[in-house]
Each structure stands twice: as structure tokens, then as C-alpha cells.
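Subject: Structure for you to look at

Dear colleague,

I am handing over the structure below, and after it you will find my notes on what turned up. Please read them with the model open beside you.

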Amino acid sequence: MGIFFLYLIALLPMPLLYCFSTALYHFVYHITGYRKNVVRDNLKRSFPGKSTTEIEAIEKRFYRFLCDLIFEIIKMPMISKAELEKRCKFTNLHHIEALLAIKKSVIVCSSHYGNWEWGMLAFGIKVSSPKLVVYKPLHSPAFNIWFHKMRSRFGNTMVSMKQTLRVLASSRNIPSVLCLASDQTPETDQAKYWIDFLHQPTAVYTGPEKIAVQTDRAIFYIQVRILKRGYYELDCVLLSEEPQKTAEHEITKMQFKLLTESILAEPQYWLWSHKRWKHKQQSA
């Protein structure tokens, strides 16, 4: 029943959905206070020089965008190719296409900044080569099927995190694009590297860099800029065309440098409700 209701909402035009988003903001922020303690703590630690008033202003803008994001994701099963292409504009995509044309596979990294779901969906339209999008299955089977179906609408092949290496091995002779989230929190048993990110020691996932080095795939980072409500510019930034020649952790540092630039410029568009700093660095 819940999934059916979401499909009905997805039929509505975006202007009306944004009206619902505004109403949801007042409910989520002022009444329920969804994860407000997590958001405020993350913001205070990330921006130690900002006043309480400045932190609260960012916090409110974040919740407004979070509610927009919820309805933009709900719209995904019904959004047309034309509307999605109008709302997600890519720059420097030709660099990826040029490499694929000479039979060189690539990795594309994104972050939880802006609407990463729309970005990957639009990427599926723009690139004709196989797109392998790595995802973490949801606990709810019904919602997992719903997300899987809408994420793969325009040509993306969804790959469970645990199946990544197997799928790469089976497709090693086919030029493809492997799409990964680079700012996720590593699981306890995953390899991690510690960097200084937003004024605090942060465990980061090194998977994209390791796969790039092991498979010799060129690696790009999608840097997102929000043009206006519901409109995004996605810049394909080349991190390395020859990752095997880079220093250890060099690519990972570049990813987080670009993400940091985006957050400092417009902090409200990053996912502050995520418990990003749950891992603590052990003393030597």
C-alpha cells in the first residue's frame, strides 16, 4: 500500500510537490525535530567559527532542502527523460565519453551532496556504455525493489556492494562506467583511511581509489552545484587518467578536497542528518 501511494504522489507535477515539501519542512523541523541533535552537532563541529545563529540558519536551509530531496526522489519513477535532462546539466562529460570511445573503462564517484539520485539517473541517459551503479540493499524488501526499479529506469545496472568485484571481473573486457558513492562511512570491517575533514578526524572509504588502481580505470568525481530549486549542474572532474601512477591515498584526498569546497560554499546541500563521525580514531 505504501509503495502504491508513492507512485500516486509521483504522478503530480514538481511545483505541487515542492508545495508539499514546504509543508513537510514545517512538520519535520518544527514539530518532530527529526535528527535535529545529530544535524546540529555535526554542524557545530564542522563550523567551529560560526555563531549559534549562523548554525541555525544553515540547519533550517538543510531541512528545507532535505524535504525537497525527499519529494524529488519520490518523483523518480515518473519523471520523464526530457524533464530530468532539463534539471540535471552535465559539464565535461565529453572527457568520460572520449575514454570510453577508446575502450578504457572509468570510475565515477559521487557524494551525498545535492540530489545524487537524480544525478545517477540522468547519467544513465547521457552515457551509452554499460553503467554499473553500486548500491547498498535496503532492509525492507519492498522498498529495495522500489528503489532498484526506479534507479535502473534509464539504463543503469544496479550492483550490490558485495557483488562489486565479481561483476567487475565478469565485465573486465567491456568498456564500462562503475559508479560509486565516495563519502559514505566505512563499515567496521572495511579498509579505512583517516583524513582531516571539516575540522575533525574522519574515517573515509578507500574503495574507489583501490578499485581504480587495481583495474587501471580512469577515475572522475562528480562535483555538484545547485543552480536553483530542483536544478543541478554536475561537473565531471578528472581525478586521474592513470591511477596506478598516483601516490597512495592521493585520489581519496582529491575527492574530499572537492567535496569540502562544495560544502564550504553551500553547506545546506550535504546530508548532515547522517551520523558521519560515528567512528573514533584510536590513539597510537
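In α1, Ile-3, Leu-6 and Tyr-7 meet Ala-142, Phe-143, Trp-146 and Lys-149 of α8, where a contact means heavy atoms within 4.5 Å. By class, this contact of α1 with α8 has 6 nonpolar, no polar and 1 charged residues, with Ala, Val, Leu, Ile, Met, Phe, Trp, Tyr, Cys and Pro counted as nonpolar, Asp, Glu, Lys and Arg as charged, and the others, Gly among them, as polar.

Before going further, please note that this is a predicted model, in which local features need pLDDT of at least 70 and side-chain atom pairs count only at pLDDT 80 or more, while totals for chains, interfaces and linings use all residues. Residues are numbered from 1 along each chain as its sequence is written, and side-chain values use heavy atoms, with hydrogens and water left out.

The axes of helix α1 (residues 2-10) and helix α8 (residues 141-151) come within 10 Å and cross at roughly 30°, so the two helices α1 and α8 are roughly parallel to each other. Axes here are lines fitted to C-alpha atoms, for helices over the stretch in contact, with angles running from 0 to 180 degrees between N-to-C directions; angles under 35 degrees count as roughly parallel, over 145 as roughly antiparallel, 65 to 115 as roughly perpendicular and the rest as oblique.

With helix α4 (residues 52-75), the axis of α1 comes within 8 Å and crosses at roughly 95°, and α1 and α4 are therefore roughly perpendicular to each other. Leu-6, Ile-9 and Ala-10 of α1 make this contact with Phe-71, Ile-74 and Lys-75 of α4.

As for the cysteines, a search of the whole structure finds 0 disulfides, a disulfide being a pair of cysteine sulfur atoms within 2.5 Å. The sulfur of Cys-67 is 13 Å from the closest cysteine sulfur, in Cys-19, which is too far for a bond, and Cys-67 is buried at a relative accessible area of 0% (buried means under 20%, exposed over 50%, partly exposed in between, with a 1.4 Å probe and protein chains only). Likewise, the sulfur of Cys-236 lies 10 Å from the closest cysteine sulfur, in Cys-179, too far for a bond, and Cys-236 counts as buried at 2% relative accessibility.

For the chain as a whole, buried residues make up 53% of the 284 residues, and the C-alpha trace spans about 55 × 50 × 35 Å along its principal axes.

Methods: Helix = DSSP H or I, 4+ residues; strand = E, 2+ residues; numbered from the N terminus.
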